[in-house]
Amino acid sequence: MLKLLSKFKFTEYLMIILSVILMYVQVNLELKIPDYMKEITELINTDSSTMNDILKQGLYMLGCSFGGLLLAVIGGFIAAYLSSKFSFNLRNRIFKKVQSFSTSEIKKFQTSSLITRTTNDVTQFEMFIAMGLSMIIRAPLMAFMAVGKILNENIEMSILVGCCVLTLLITISIIMFIVIPRFEKVQKLIDKVNGVTRENLTGIRVIKAFNAEDYQTNRFEEVNNDLTNTQLFNQRVFAVMNPIMTIVMNGLTLGIYIIGTFLILNAHMIDRIDIFGSIMVFTQYGMQVIMSFLMLAMIFMMWPRVTVAAKRINEVLDEKLSIEDGSIKYVETEEVGTVEFRNVSFKYPDADEYLLNNISFKANQGDVIAFIGSTGSGKSTLINLVPRFYDATEGEVLVDGINVKEYKLETLYNKIGYIPQKAVMFTGTVESNVAYGNTDNEITIEDINTAIEIAQANEFVSKMDKGIDSHIARGGTNISGGQKQRLSIARAIARKPEIYIFDDSFSALDYKTDSVLRKALKEYTEESTMLIVAQRIGTIINADKIIVLDDGECVGMGTHKELMENCEVYKEIALSQLSKEELENA
Amino acid sequence: MPRHGKTMEKSKDFKGSMKRLISSLKNWHVLLCTSLILAMLSAIIGLTAPNKLSDFTDLISDGLKPNINEKTINQIMEDKNINEKDKAEFIIVMDEIKKEKDTLKVYKKIDSLPKKVFDYVKPKVNESKIKFLAILLISLYLVSAIFNFIQNLIMTYISNNFAKTLRSKISNKINILPLKYFDEHETGDILSRVTNDVDTVGMNLNNSLSTLVTSITLFIGSIIMMFYTNWIMAITAMIASLIGFTFMGLILGKSQKYFVQRQTELGNLNGYIEEIYSGHNVVKTCNGTKDAILEFDYLNKKLYKCNMMSQFLSGLMHPIMGFVGNFGYVAVCVVGALLVMNNHITFGVIVAFMIYVRLFTNPLTQMAQAMTNLQSVAAASERIFEFLDEKELSNQDHINGSLDRDKVKGKIEFKNVKFGYNNDKTIINNFSAMTQPGQKIAIVGPTGAGKTTLVNLLMKFYEIDSGDIIIDGVSINNLTRENIHKLFIMVLQDTWLFDGTIRDNIKFNNPDVSDDEIWAACKTVGLSHFIKTLPGGLDAKIDDSDSISQGQKQLITIARGMIENAPFLILDEATSNVDTRTEELVQKAMDKLMKGRTSFIIAHRLSTIKNADLILVLKDGDIIEQGDHDTLLSKNGFYAELYNSQFKK
């Protein structure tokens, strides 16, 4: 929490100090108002006073009030500036930090959580600062100064004010004590209501097929009842709060009147007017004191939520990067387009078991290397080591004869065209998506068109109303999954990489497009190396080298023909997809 | 304090939605009225209190004026208990007082009077009346608080039960909506209606209605009471407050623009963050990081600017409110003082007005707040009602045919079926086919060819436009949906399991199934060993953790199908998201499930397709070819092309 706040700059600290001073003056001015009020009261009850005296006091009052307003405006501006500047900077820092993350950090936090941390959590914090700069400073200032004022004024009435504050604070504490644990329960129950409804929606066909509508309804009603009852309980407890608050406030006024009456009746004539004035003042000050304590209570209620937000933000900012950038920028390498694994093993940092065990192979320029195996066999993990989404735990991964860790990431990525399993689309146009990351304008319009053609995307891009300038909606929702995948492949082609990495990128395409696309790509880039992870035998049947993975071990390496003869696992996979004759015909 | 970051939702038809909302509260109308009346009473009591407080003040201020007049002077003179010396002193003091202009000095002189004389001159205060007023005020405050409390309780009860009913209604509605609705709407959208919208309605309705009633009562009441007390003061207080409010309205109007802008910018930024974060790998490998940071900076800056303005302006509300309050307060004091000095009013009236000003200004802001809240209630309830008003499944009362699932042989005939998801676009044109009991029908086609359409029609999830589907001689038009569902086992590829035990999931809607039968089904599909290894066996919970693999989940859904034991089967064959070995297990289980049943299989494996009695080839939703493998191959049409494409060199 404080750690985040310590990021303020010197000038910003000055502004904070300035706003404290402003607040101090403002509170002083506001507390003057009841004083003038008292003057007026006394003037009215003194026969000898004139109209001018009263008007003068009234003007003072207005002056103080207006002065307070002006200071509040300046203070408000500072608070708004500081808080929005703060959130601006914080968002920027988080975003940059996340950009430097590797896949393992992203996985650790989960994308959705990172998004809320960058947006909601920061907003929480921002609100806290915006309110804090007024409330946190103002409430205690007001409370202490108002208490100071009344203590000098009249001891009996001060005790009454103290009692009222105490009553309120105790009530609030008790209510919070009862309710806060149940708040968490409510949150869980809301999640449950959501969960059952989600189940209902995703399984609507199954539920209907089983005529199980009533069954689901009963399950829903159960959580619905739970939720309603818990919430009802909470709100009932809260229903006490409002009446108690009004009673305390009204009681305070009445109490001051009653005490005042006693004091007046037992006082000398000369003191009576003064006491009478005190009654008027106390009803005002007392209210101020109670209000500021209420504000303080509110801050305390906000506190836990903000600390949680701060903790979540700090977790991101403090995360140690698992991937460090290398230093090699531009080198003429001896080898071009080669990928080599030398005894590579991999496990997640805090895992016991290895996901990949002692993998070695080499891909030469222009080779098509395919990886196949059941889910969890480690094939995606394996190719993720090339673009350093993770680093090998043991052994070396070499690109063009140099360990990937030694490259500057930017240099490494310029050699690689990576296509993920799930196509990623950015808001923009077809063109901006295909030419993504084209900061130096190295990708020409011809490159884009060729890429689209090879990726078999021309067929639908040409039908779109503005061709390559057609709009792509957020997340690519205006085109189909297969179309997205084709554009995503086009994006890699347009960058003319030495090495293509297809992480199961063909599954979203139908068989026909899949085969035509691969054929066109092969013709276009004879000398590009391709690493392909696939599920379908048909996709990889013609690869130069197929690497069969099972539980992280390489259990076979060779061409389709070779593997059919000597690799049991491969044969099993192949037979589950194709019949014997088909395989023989292939 | 205005809430930051809250979207201002405008309803399309505020009046209509509110009317409907109120009428759907009809179960609670009596309670609602009671609660609102209580709120009103509580407010009215609150209004009479200042008046009493004013009397109270006047009674106290009686204690400030010494009781010196002809009568008291005579009484002192005639009192035998007062000695002559004191009387003489009194007369001297009286003379001095007459000359003295300064009140304070007068009082000092009076204080110096002998005790016995002082008792006569000291101000007369009606102590019993003060006592009475104090007790009256305490009771008023207490009664008002109790009313308030009861009213809160009732409103809480109503709003929570109303929310519960709304949730139930939505949940029930889900079951009676045609599938078309779900194919066209996002899950997230419906979910947010169940939770967010219902919450908004429940919470805000609770607060807004009573706040509105209280505020209006206070507002009108305070005007009446002010005029009743003193009309000059009333006009002063009202004008002063209204000047303040116009001022505030101007600022509010200005800030609205920034609030809207802030919301848009926040949305843009969120969208961008989501996009970049979820495409992290692509952004990195395309070296798009620099670009991304630049773009983010740009959006972030835009947000920063309107964020600052909107925060600044919304932060102003509080101080301005304070100033408006003080302004009214000063006006009341000054004008009141004038009137007191001219003996038009007593001092107590000023005290009363100081409270009235507050009672008059607070409701105005509260009403504004309540109205914004009601706006979002209206918007949310519109979304809820819109959902509740969606067209439901067609009425089945006229249907009299029925088929007993134990007696059905398993014959299905498609007769000139025509169907389209939209009226203007028919996708299945004139499809006819005939299947015999126990046959296997494979449905094939490229992804997105609409293989689920056939399932939709068979299960009567959608109704055909023309033609007929005849099950064992009975048209599906003449069978209820429930009846048809009873005849079919459906096992889909996206394994749907719910949060519960394995037993619950297998048993599902068949409460009479014994554990023995469940175990038998598990054994058949090859699950029993696995279930025995789980802690709790059949009672093991199914959750998101990895203890149950995708393939095993699929096996559970197959076991569920086994239990159902119906004559027809619709099966979505597993594709490659299951590892090879489990896939084999799943395949075996599926083969067992198909035995003896007329099966429709959305096929992915060529062996299944080749063994099928009938292959239906789909493209763009329509069935373009049908026949067995060899016939279709020799036709050299789409099927042949599809089949060969995998092996093209």
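User: Which unit do strand 9, helix 16 and strand 10 of chain A make, and how do I read its hand?

Analyst: Point the strands away from you; the crossover is right-handed if the path from the first strand over the helix to the second runs clockwise. Here strand 9, helix 16 (residues 511-524) and strand 10 of chain A make a right-handed β-α-β unit. Elements are DSSP runs numbered from the N terminus: helices are H or I with at least four residues, strands are E with at least two. This is a predicted model: local features need pLDDT of at least 70, side-chain atom pairs count only at pLDDT 80 or more, and totals for chains, interfaces and linings use all residues. Residues are numbered from 1 along each chain as its sequence is written, and chains are lettered from A and ligands numbered from 1 in the order in which they are written.

User: How do strand 9 and strand 10 of chain A run, and how many bridges join them?

Analyst: Two strands pair if DSSP finds at least two bridges between them. Strand 9 and strand 10 (residues 529-533) of chain A run parallel, joined by five bridges. A:I501 stands opposite A:L531 of strand 10.

User: What pairs with strand 9 of chain A in the parallel sense over four bridges?

Analyst: Strand 6 of chain A does, and strand 9 there covers residues 499-503. A:I416 has A:I499 as its bridge partner. A:I419 stands opposite A:F502.

User: In which order do the strands of the open sheet in chain A lie?

Analyst: The order is 6-9-10-3-11-12, six strands with mixed pairing. Strand 6 (416-419) and strand 12 (553-558) of chain A are the edges, each pairing on one side only. Direction ignored, neighbouring strands of this sheet are turned by 15 degrees against each other on average.

User: Which helix packs on the sheet at strand 6 and strand 9 of chain A, and at what angle to strand 6?

Analyst: Contact is a distance test: C-beta atoms, placed from the backbone, lie within 7 Å. For angles, axes are lines fitted to C-alpha atoms, for helices over the stretch in contact, and values run from 0 to 180 degrees between N-to-C directions. Helix 15 (residues 481-494) of chain A touches both strands, and its direction makes about 175 degrees with that of strand 6.

User: Are the faces of strand 9 of chain A covered or open?

Analyst: Count neighbours. A residue is buried if 20 or more other C-beta atoms lie within 10 Å of its own, exposed if 12 or fewer, and partly exposed in between, with C-beta atoms placed from the backbone. Both faces of strand 9 are covered. A:I499, A:I501 and A:D503 are buried on one side, A:Y500 and A:F502 on the other.

User: What does the radius of gyration say about chain A?

Analyst: It is taken over C-alpha atoms, and the globule rule is 2.2 Å times the number of residues to the power 0.38. Chain A has 20 helices and 12 strands. Its radius of gyration is 36 Å, well over the 25 Å the rule gives for 586 residues, so chain A is more spread out than a compact globule. The C-alpha trace spans about 120 × 60 × 50 Å along its principal axes.

User: Where do the domains of chain A fall?

Analyst: Domain bounds come from an automatic or database domain assignment. For chain A it gives domain 1 (2-318) and domain 2 (339-585). Their C-alpha centres lie 55 Å apart.

User: What radius of gyration does chain B have?

Analyst: Chain B has 41 Å, whereas a compact globule of 649 residues would be near 26 Å. Its secondary structure comes to 23 helices and 12 strands.

Note on methods. Contact = placed C-beta atoms within 7 Å.
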